[in-house]
Amino acid sequence: MLWGARLSAFLLFRIIKTGKDDRFDDKRDKFFPFLGFWIFQMIWVWTVSLPVTVLNSPNITQFPQPAFGTGRDIAGVILFVIGFFLESVSDVQKYIFRSKPENKGKVCDVGLFTISRHPNYFGEIIIQFGIYMIAVSPAAYGYVTGAAYSALSATVLGAIFLTVLLMFVSGLNLQERPGAKKRYESGNHWESYKIYTERTSIMIPFPPQLYAHVPTILKRTVFLEFPIYVFDPAKHADQGKVREREAEEGQRDRQDSHTPSGAQLLDGERS
């Protein structure tokens, strides 16, 4: 409930402040994509709710339950609190950063985003695994048996589903390489973004001073920055767009160099 209330309150606040929900801009006028989005949302909520749903089902509650406070319960609460903090704080930090006009187009590298490029995703993932650890206690300590044991253990699929979703479907997969490609082709703070990605872990929080010196093989494995997220300008960029942008920038520079400044005009009038 706490997780759902926080997410709902943040989304409502953002919509009130901006006056719209731009997540639906490309779907609102298309019935089937719009319907598909909401159906997928229903499946997502049902799947991540599996641990709590199964735990409170009659097939589980018919068995004696362990008193709250087991090692798994404590570990689960710790994971939930850390994840809730990462997700809540990072959402607010990014909103504040983007709401300032002077930060338009800049890389959000403040607060938690100095130690992770996606702290909100990491927080969401460990929240779900924390909930699972608490819910699975009756099975882990042998209080439930048979099909009930199997069903409760299998609810880990909810956390796994969310992890796969954020890492390979609608999260990192749509933001990392596509986002870098867009910045490179448009020249939108590309150099600062490139330095940021080299110094900052993609998801697992880690000090940037140390991450900058981590061997590439560890970044691509232990730190989860898989090759599918990595942008290589030579392979992935549309060089035609880059040349067109560079030509336009060169033309503007030449025009600026031939346009007399205010000081030059003033000197001309004095002479």
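Residues count as buried under 20% relative accessible area, as exposed over 50%, and as partly exposed in between (1.4 Å probe, protein chains only). The model is predicted, so local features need pLDDT of at least 70, side-chain atom pairs count only at pLDDT 80 or more, and totals for chains, interfaces and linings use all residues. Residues are numbered from 1 along each chain as its sequence is written, and side-chain values use heavy atoms, without hydrogens or water.

The structure holds ten aromatic pairs. Rings of Phe, Tyr and Trp (its six-membered ring) pair if their centres lie within 6.5 Å; planes under 30 degrees apart are stacked, over 60 edge-to-face, and the rest tilted. Tyr184 and Phe231 form a tilted pair, at 5.7 Å centre to centre and 55° between the planes. Tyr184 lies in helix H10 (residues 172–186) and Phe231 in the loop between helix H13 (216–219) and helix H14 (233–236), so the pair ties together parts 47 residues apart in sequence. Helices (H or I, at least four residues) are DSSP runs numbered from the N terminus. Both Tyr184 and Phe231 are buried.

Trp190 and Tyr193 also form a tilted pair, at 6.2 Å and 40°. They sit three residues apart in helix H11 (residues 190–199), about one helical turn. Trp190 is buried at 13% relative accessibility; Tyr193 is buried at 11%. Tyr184, Trp190, Tyr193 and Phe231 form one aromatic cluster.

A nonpolar core joins buried Ala, Val, Leu, Ile, Met, Phe, Trp, Tyr and Cys residues through side-chain atoms within 4.5 Å. The largest has 16 residues, and Leu172 and Met203 have the most contacts inside it. A second, separate core of twelve residues includes Tyr193 and Phe231.

Definitions and conventions:
Helices (H or I, at least four residues) and strands (E, at least two) are DSSP runs, numbered from the N terminus.
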